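Take a look at the protein below.

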Amino acid sequence: MDRKVIAGRKTFPGVCALGVFLALFSGAVVFPELSALEPGRGVPRLTAEKWYGKEDAIKAKRLSAIVLMDLSAQDSPALLQMLESMLLSAQGRELSITVFAMNQEKTADAVMKSLGSRSFPVGLDSKLRMRDLLAPEVSLFPYAILAENGVVLWSGLPTELELVTEKVLKGTFSAEKQKKVEGLRKELQIAIQSGLAVVVSSTADRILAVLPDDRLAIQSKLFALDAMRKREEAEAFIAKVCKENPSDVRLHIMQLDFLLRAGKVQLFVKKALEGYEQFRESKNLLLFVSFVIENVPFGVMDPAQQIRLAGEAFKRIPVGVSREERMSRALGAELLARALSLAGRFEEAVKWQEEAFALRKGTALEEAASLRLAYYRAALAASRRKSSSGSAEGKK
């Protein structure tokens, strides 16, 4: 029997790890009774037909996430970036990630070459050996498993992986509650696919009654309220969610994303500065600041404020030689370069982007870092041209 991989195909606006939520959740079209490793079972030895990148071993950490996926699916880059973001956040200190690509070798080779290296090992599983060991009866992919010290805690859609990991690390994870909302998630997915905004909203409310901080339900309700043109209600809803979850940086990023899409740029700036003060001592300050700096519309936020935010976030990046620490430093350097360029400080911008580019070499973001460096160098050269040239241009 031909075993098919069913992957998401739609895309929705989003941010960092949040950007993959509805993109993956809305694309699947079947709802089988899932059968994977049950909680309490040990994770088998992870092997692959070949490993992509330099990492050929699984890092031993308290938590380990395993993701089975189709690399050729439209949403695979978003999922891989979400996993990358998890390792760059505070979670990365206690979490290892392993991805298995259920593709033919030729396809996997081409995709991995185009994507560049990752911060986690990607193994080829073209013969579906690991899939048969980890999730033999699962038909809905991508699929994730989370284990603690080698023992399965949870399995499900990768859209839930980040929040479940956070709860485990905080000691608030409840397998009973997660199981309680499984049926509701299927109802939510059907409603999303059918375009039934009212049903999406009411089903999200039922999930939130069990899990008040469930990001998938929160994001779904926001989209539903927006679709029903209830934007003031949506704004009040996400504000209430953030007030009730003051330490959840990703919910605050979700609020900023909503405000941008709603065109409320001044309120975006206000909430961005408030969030910066709120998360100044947080391990996830870099994550918050990166969203602000990379997404704030031009001309609405004082460049000095952006430089201050980027500088503080950079100072709090741990100094180390691990890949995760180097990628965090690369991101911090890029944020500084971007902020400094807005103030016309192109020489400093070039310096920081040069550091970022050096750290990005050999990764999926090397080309993007190179393009930014070229831009800052061109801007520096343009800023040094004789002012008479500009005057002559103005007289024409």
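Which residue just after H3 takes a positive phi? Gly 116 does, with a phi of about 80°.

Some ground rules come next. This is a predicted model, in which local features need pLDDT of at least 70, side-chain atom pairs count only at pLDDT 80 or more, and totals for chains, interfaces and linings use all residues. Residues are numbered from 1 along each chain as its sequence is written, and side-chain values use heavy atoms, with hydrogens and water left out.

Start with confidence. pLDDT is the predictor's confidence in each residue, from 0 to 100. The protein averages 84, and 86% of the residues score at least 70. Residues 1-35 stay under 50. For that stretch the model has 104 contacts beyond four places in sequence, a contact being heavy atoms within 4.5 Å. Where pLDDT is low, the predicted coordinates should not be read in detail.

Now the whole protein. It holds 18 helices and 6 strands. These are DSSP runs, numbered from the N terminus: helices are H or I with at least four residues, strands E with at least two. Of the 396 residues, 51% are buried. Buried means under 20% relative accessible area, exposed over 50%, and partly exposed in between (1.4 Å probe, protein chains only). Among contacts with a separation of 6 or more, 68% join residues 24 or more positions apart.

Return to helix H3, residues 105-115. Its buried residues are Ala 108, Val 111, Met 112 and Leu 115. Seen down the axis of H3, they fall within an arc of 95°, so they line one face of the helix. The arc is that of the directions from the helix axis to the C-beta atoms. An α-helix has 3.6 residues a turn, so residues three or four places apart point the same way. The buried residues of H3 pack against strand S1 (51-52), helix H2 (76-88) and strand S4 (122-124). The face turned away from the buried side carries the exposed residues Lys 106, Lys 113 and Ser 114.

Move on to helix H9, residues 215-227, where Lys 221 lies. Is Lys 221 buried or exposed? Lys 221 counts as buried because its relative accessibility is 7%. Beyond its neighbours within four places in sequence, Lys 221 is in contact with Ser 201, Ala 204, Asp 205 and Phe 237.

Finish at Leu 196, in the loop between helix H7 (182-194) and helix H8 (197-210). Leu 196 is partly exposed, with a relative accessible area of 43%.
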